[in-house]
Amino acid sequence: MLQIDLWKRILIWLTCAVGLWLAMPNAFYTNVERHNDAIQAIELGADTPENQADRGLWPEWLPSGLVNLGLDLRGGAHLLAEVQVEDVYAARMDAAWPEIRDALRPERATVGTIRLQPSAEDEVRVRISQPEGMPRALEIVRGLARPVQTLTGVGANDINVRAEGDLIVVTLSEEEKLATDERTVQQSLEIIRRRIDEVGTREPTIQRQGAQRILIQVPGIGSASELKEIIGTTAQLTFNPVVTRGTDPEAAPGIGNKIVPSLDEAGVFYTIEAAPVVTGEELVDAQPAFDQNGRPAVNFRFNTSGARKFGDYTAENIGSPFAIVLDDEVVSAPTIQSHIPGGSGIITGQFTVEESTNLAVLLRAGALPAGLEFLEERTIGPELGQDSIDAGKIATIVAFAAVLVFMFLSYGLFGLFANVALIINIGLIFGLLSLIGATLTLPGIAGIVLTVGMAVDANVLIFERIREELKTSKGPARAIELGYEKALSAILDANITTFITATILFAMGSGPVRGFAITLGLGILTSVFTAIFVTRLLVVMWFERRRPKTIEV
Amino acid sequence: MRLRLVKQGTNFDFFKRWKLWLGISGLMMVVAFASFMIQGLNFGIDFRGGTTIRTESAQPVDIGVYRDAIAVLELGDVSITEVFDPTFGPEQNVAMIRIQAQEGQEAVTPEIIASVESALKTVRPDIKFVSVESVGPKVSGELIQTAAIAVVLAIGAVLIYIWLRFEWQFALGAVLALVHDVILTIGVFSELQIRFDLAIIAALLTIVGYSLNDTVVVFDRVRENLRKYKKRPLNEVLNISINETLSRTFMTSVTTLLALIALFVLGGDVIRGFVFAMIWGVIVGTYSSIFVASAALLYLGVKRDWSKPDANAGNQYANIDA
């Protein structure tokens with residue numbers, strides 16, 4: 001009749017024990033958190049006595065996984081950025097012009113003179129003075145094309161070349177654009193991660209969302225604008241030849257040139273060649289420093305190829321100015337005094353110490369390949385988070401107590417069994433949340449409270465069924481057995497449908513909503529487990545010991 | 001003595017006026033929908049873009065003063081509301097300031113936020129900005145779309161599941177009840193002009209889940225009783241099934257409401273709208289599983305010959321009609 005195999009019993013208790021074991025660190029949240037932080041700090045080399053002391057706050061052999069607190073509970077900043085992938089197309093095309101020019105030069109006899117024409121940002125238009133030489137010119141320019149490096153773009157080239165009268169028009173191919181977009185977003189993601197890591201905050205979330213978006217969540221940071229300062233600047237560093245210096249931003253720059261403002265001197269504009277000599281991508285190091293006048297500056301060093309280009313350029317252009325351009329603003333435009341062979345230099349400007357330190361960090365982490373547009377930003381102060389935690393805690397405890405009392409009043413001893421299962425249930429939810437490293441948000445707490453209310457549903461179904469079966473007087477053992485058996489299909493159907501909605505919420509939702517879906521979904525799993533297995537086991541164990549002739553449910 | 005919410009062996013006739021109940025439900029849906037069409041929802045920034053700033057100060061909130069301070073910035077539609085909550089301390093005076101999305105700006109401008117913050121600092125030097133949230137119009141448009149898709153998908157998935165487990169009439173009845181619940185909830189939000197944000201969508205889906213839970217339990221019993229009482233008319237079978245599950249329906253609703261009310265009173269104002277939606281949903285969901293889902297089932301009729309033998313009962317006469 002009422003029998004559960006020994007191995008099943010062991011398995012059930014074992015599952016509960018493991019779940020509670022994993023949930024336990026959450027009961028000592030602050031200690032475990034300090035312990036975990038200390039371990040991380042020690043790994044990074046900060047082996048101080050304080051860290052050692054913090055490490056000792058929690059025994060090593062105990063589990064130390066915690067439920068992460070979401071931004072709405074801990075406070076922090078949230079940004080959703082869209083990578084402006086088109087930026088890169090323009091840069092690619094700027095770089096293509098010198099290459100095309102150099103390739104066509106030896107063929108002057110057939111193609112005539114070569115002139116860059118004004119064009120849209122994502123194409124290059126070149127006019128040749130002898131249109132008869134066009135086939136040859138196209139052949140040469142097409143020879144510059146490289147195959148696209150993706151799995152999907154098999155056989156595709158990175159550029160499309162076509163003739164329009166005496167114009168050669170070069171554009172990026174669709175495959176190359178796709179591949180570039182992918183690379184740009186990946187690179188941006190990587191660089192944002194590096195920049196945030198440099199600042200060293202705990203558990204930042206940096207995720208790609210969709211094709212072009214990046215989600216950044218950093219707990220504990222003061223505000224979203226602070227976070228934007230860390231990641232927001234592209235820090236695109238280039239060294240460009242200066243054509244002229246003037247005060248008119250509207251002046252015609254000439255083809256292949258552009259006008260950029262000066263960073264420090266208001267009203268001063270430089271006309272520079274758009275194609276840079278060297279870019280920040282070839283930097284290997286940047287450190288904050290001071291110049292000979294004791295003003296904050298940034299020291300930098302190029303890699304070998306960057307150093308060679310820089311060296312060659314400075315050797316050929318002694319006496320002419322060149323511009324150090326940061327994000328389309330001229331930081332400084334010194335005149336080249338001598339050949340600079342070593343590949344290192346110094347950027348001076350009117351920096352504060354903080355600015356020079358930040359600039360060095362940005363340069364070191366690498367430039368963002370494209371600009372970011374911020375679509376969403378949220379700052380949650382730590383006080384609000386703490387208020388929410390406190391309120392959530394009290395509400396959960398009160399809800400819990402109310403349900404426990406109510407269940408006991410309604411079902412007596414059986415209610416107590418259900419209550420034990422409910423407590424185990426909450427433990428299991430926290431155990432699972434810690435195990436998968438899920439994030440608890442405020443709606444997540446609501447999900448747990450809702451689970452407390454709904455978890456008893458399965459037990460209620462069973463107990464009500466047992467009551468009914470008792471009426472048809474089959475003896476207590478049979479009634480209990482039938483109660484469980486017949487309630488099962490309702491329990492499963494009801495919970496599977498709720499689980500379906502939780503899954504859809506998880507898949508479609510974001511942030512806090514997702515947190516809610518996780519706790520709700522896990523709550524369903526654990527409550528079905530505790531109702532079907534744990535309370536049943538409790539009832540069976542009690543029944544075996546007492547062998548009651550009649551039971552009251 | 002045990003606490004009994006529902007007497008044992010009730011025998012209410014839920015279907016004496018079932019057409020009336022269906023009519024009332026239909027009417028309420030029309031009213032809710034009309035309210036939604038006329039008044040519209042009070043969308044939060046998640047869905048229409050803009051910025052909200054939550055401020056906290058030891059001095060009492062004076063909306064007029066705040067408004068005057070911000071008005072000079074000419075930011076268009078600015079709404080300021082004071083937030084009250086029993087969990088606040090005496091020194092906690094909280095206001096929510098909402099600024100509409102600025103014309104022609106996709107990304108959020110920190111300058112605007114900074115200017116608002118400094119304007120408020122001049123009138124309330126001790127003011128703190130405990131949360132600042134901005135959503136651009138691009139994302140908010142997508143969020144509302146995703147939310148709508150999520151609700152439709154959830155209802156669709158459930159329709160299919162119940163169709164597979166029961167019969168199409170059950171599925172249709174359950175889905176009617178769900179649509180009823182969702183529309184009534186949206187109606188309440190539009191009527192009371194409670195802020196409708198992303199979390200409310202989560203609440204809506206939970207209501208879908210909860211209401212379904214209730215409906216499925218009743219339907220499960222209907223299915224069982226259809227096998228048991230083969231000759232009885234459908235309305236009697238439905239009535240028996242609802243009466244038999246009534247005690248459970250109330251128990252579960254009460255435990256869930258107990259938990260939710262605790263959260264409503266003590267959980268702070270941040271999630272109050274969310275919890276309100278769920279409380280409303282539990283009540284409406286319980287009602288709809290009886291008066292909408294079952295009544296719809298009665299209207300649609302159901303196939304009476306369950307040729308599959310009932311495995312649970314082991315009834316030897318299960319195949320007699322087949």
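**View 1. Burial and overall form of chain B.** In this predicted model, buried residues account for 45% of the 322 residues of chain B. Buried means 20 or more other C-beta atoms within 10 Å of the residue's own, exposed means 12 or fewer, and partly exposed lies in between, with C-beta atoms placed from the backbone. Chain B holds nine helices and six strands. Both are DSSP runs numbered from the N terminus: helices are H or I of at least four residues, strands E of at least two. The radius of gyration of chain B is 25 Å, well over the 20 Å from the globule rule for 322 residues, so chain B is more spread out than a compact globule. That radius is taken over C-alpha atoms, and the rule is 2.2 Å times the number of residues to the power 0.38. Along the principal axes, the C-alpha atoms of chain B fill a box of roughly 85 × 50 × 35 Å. Of the contacts in chain B between residues at least 6 apart in sequence, 79% join residues at least 24 apart. A contact needs C-beta atoms, placed from the backbone, within 7 Å.

Residues are numbered from 1 along each chain as its sequence is written, while chains are lettered from A and ligands numbered from 1 in the order in which they are written. Because the model is predicted, local features need pLDDT of at least 70 and side-chain atom pairs count only at pLDDT 80 or more, whereas totals for chains, interfaces and linings use all residues.

**View 2. Where chain B meets chain A.** The contact draws 62 residues from chain B and 63 residues from chain A. On the chain B side, two or more residues each come from strand 5 (128-135), helix 5 (137-165), helix 7 (198-228), helix 8 (234-266) and helix 9 (272-300). Helix 8 of chain B gives the largest share, 14 residues. By class, the chain B side has 37 nonpolar, 15 polar and 10 charged residues. Nonpolar covers Ala, Val, Leu, Ile, Met, Phe, Trp, Tyr, Cys and Pro; charged covers Asp, Glu, Lys and Arg; the others, Gly among them, are polar.

**View 3. A strand pair across the two chains.** Strand 18 (residues 372-380) of chain A runs antiparallel to strand 5 of chain B, paired over five bridges. Pairing requires at least two DSSP bridges between strands. Thr379(A) has Val132(B) as its bridge partner in strand 5 of chain B.

**View 4. The four-stranded sheet of chain A.** Antiparallel pairing builds an open sheet of four strands in the order 3-4-6-5. Strand 3 (114-117) and strand 5 (159-164) of chain A stand at the edges with a single partner strand each, so one side of each has no neighbour in the sheet. The twist from one strand to the next averages 25°. Angles run from 0 to 180 degrees between N-to-C directions; axes are lines fitted to C-alpha atoms, for helices over the stretch in contact. Strand 5 and strand 6 (residues 167-172) of chain A are antiparallel, joined by six bridges. Ile159(A) is bridged to Leu172(A) in strand 6 of chain A. Helix 5 (residues 86-104) of chain A packs on the sheet, touching strand 3, strand 4 (123-128) and strand 6, at about 25° to strand 4 of chain A.

**View 5. Arg125(A) and its surroundings.** Arg125(A) sits in strand 4 of chain A. Arg125(A) counts as partly exposed, with 19 C-beta neighbours inside 10 Å. Leaving out residues up to four places away in sequence, Arg125(A) touches Gln117(A), Ser119(A), Leu167(A) and Val169(A).

Notes
Contact = placed C-beta atoms within 7 Å.
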